[in-house]
Amino acid sequence: MPSLINATVDDLREGLDRNCFTSVELVKAYTLRIHEIDSRTNAVFELNDDALGIAQALDGERSRRQVRGPLHGLPILIKDLIGTGDQLNNTAGSFALLGSKPPAEATVVSKLREQGLIILGKSSVSEWANFRSFNSSNGWNARRGQTYGAYYPGQDPSGSSSGSAVATDLGLVTFALGTETSGSILLPAEKSNIVGIKPTVGLTSRYMVIPISERQDTIGPLAKTVKDAAMLLQAFAGADPQDNYTLASPFGNFLPNYVDACKLSGLRGKRIGVPRNVIDYMEQTDASVMQIFEQAVSVIAAAGAAVIDDTNFTAYSNFYTSSIPSLVVAADFTSNIAAYLSSLTKNPNQLHSVADIRRFTQHSPPEEYPSRDTGIWDSVIAADMNNTSPEFWPLYQENLQFGEEGGLLGALRRHELDAVILPTTLASDIPAIIGTPVITVPMGAFPEGTPEQPNARGDLIDRAPGIPLGISFLGPKWSEEALIGMAYAFEQRTLVRDRLERYIEPLF
């Protein structure tokens, strides 16, 4: 069996095809790895009691040459926002939803099962997908505690798909599912030195996923390589009648071949923009990030791309100071979370609204209120608006301008670009507004001599020597195929993931 921390999908497929090991043995190896190391990272919530039985059945199918697809027999972790039709909980990390049951399994999980993947368990999250507190920590939730990154003691794992990212990086699983409203796939992937794809809103179904915003939520893969991420995306993307946003996809269920897009020529002839006015918002303390980013720009140019500078987002300064984006998400959350809660077939705490989950949280000691406040929910309730309110639609149209003509889409059009590149820390906010895709790839790490910088709460380290950095490729809606090609071409010329060192290393 290959070293799990480095094993790619192709490595594992080859071993399974050659009978070097079975899916049962693979599940046992990953489970052993989780028991060995996860007490130091808290990346995994719970393991699936059915995993070994499922693996055994899939091994039987393989022995009869009934292989369902290229990912047949591989284990995956599912973020604890995505419902599964088994005994696993779906709680957003909160005791508020412990024991609740959705009426059906999430469509993306059903698609994975159909492709022969093994649901190994649930990965940890930032509670309520980082949509509860103004003063909590990335990767913290009441049920599991604090998730940590593996590259520095006390490292901030970033974003709400923190458990999925850390577990993938450390080889606790082959790959994982994450969700993103704004940054929750991209930022954890960056800090765990892996690849994350934030798909176009509508490419992947959100049915039976605990929501924040129907206009921004999307489900995407976290994987060690671009090719692995592309293979996983291929397995669960596609139309779903239960999510009408997916019916706007130009592909239906006839998706592009994302795996075939992984070619070394993926950057050749492409026009890549650098929006300098967005980068200007990076603090002076990030000079080391900019040095690494400029090196990455040189790699992209050497790969045959035309790099066009100053392809600016003209409304970015207005966006940066506007309250409109948060009001739009607040209105969506008011409507969307109420609909999800009311759909539950088992709702032990009888929660049906934002006010209900706030009340539960404020009166449940494990939720650590008021040390970790409910400030985001307080502001949602104070806004007193949902997404059917008369004032919502004009507000939403105004919001779109930050990403359309005044943002990414305007820059792509004016300069005839195929994509825009940004340091990943700056890449999520504008695509979130307009639902466009982004892929992040390892770019480097904070260099020796970087001073330790804690997060705002003071309980995690946000910057320090060796903490990973990523570069992101941003494109128009439905451009995942092209972005994957660009990201793959960059990845294969740099192979950053292989060079960075963790302070937590598994034994095998």
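The crossing of helices H11 and H14 is left-handed in this predicted model. Helix H11 covers residues 324-343 and helix H14 covers residues 392-400; they pack at an angle of about 135°, with their axes 9 Å apart. The two helices are therefore oblique to each other. Beyond this pair, the structure holds 31 salt bridges, some of which are described below.

**Contact of H11 with H14**
- On the side of H11, the residues that meet H14 are Ile324, Pro325, Leu327, Val328, Ala331 and Asp332.
- Their partners in H14 are Phe392, Leu395, Tyr396, Glu398 and Asn399.
- By class, this contact has eight nonpolar, one polar and two charged residues.

**A salt bridge linking two helices**
- Arg276 and Glu294 form a salt bridge through their side chains, at 2.7 Å from N to O.
- Arg276 lies in helix H8 (residues 276-279) and Glu294 in helix H9 (residues 287-302), so the pair ties together parts that are 18 residues apart in sequence.
- Arg276 is buried, with a relative accessible area of 17%, whereas Glu294 is partly exposed, at 31%.

**Other salt bridges**
- Glu127 forms a salt bridge with Arg132, and their closest N and O atoms are 2.7 Å apart.
- Both Glu127 and Arg132 are buried.
- Asp462 and Arg463 also meet in a salt bridge, with an N to O distance of 3.8 Å.
- Arg463 is buried, with a relative accessible area of 12%, while Asp462 counts as partly exposed at 23% relative accessibility.

**A salt-bridge network**
- Glu46, Asp80, Lys122 and Arg143 are joined in a network of salt bridges.

Key. Residues are numbered from 1 along each chain as its sequence is written. This is a predicted model: local features need pLDDT of at least 70, side-chain atom pairs count only at pLDDT 80 or more; totals for chains, interfaces and linings use all residues. Side-chain values use heavy atoms; hydrogens and water are left out. Axes are lines fitted to C-alpha atoms, for helices over the stretch in contact, and angles run from 0 to 180 degrees between N-to-C directions. Helices (H or I, at least four residues) and strands (E, at least two) are DSSP runs, numbered from the N terminus. Angles under 35 degrees count as roughly parallel, over 145 as roughly antiparallel, 65 to 115 as roughly perpendicular and the rest as oblique. A crossing is left-handed if the near helix is turned anticlockwise from the far one by less than a right angle, and right-handed if clockwise. Contact means heavy atoms within 4.5 Å. Ala, Val, Leu, Ile, Met, Phe, Trp, Tyr, Cys and Pro count as nonpolar, Asp, Glu, Lys and Arg as charged, and the others, Gly among them, as polar. A salt bridge is a side-chain nitrogen of Lys or Arg within 4 Å of a carboxyl oxygen of Asp or Glu. Buried means under 20% relative accessible area, exposed over 50%, partly exposed in between (1.4 Å probe, protein chains only).
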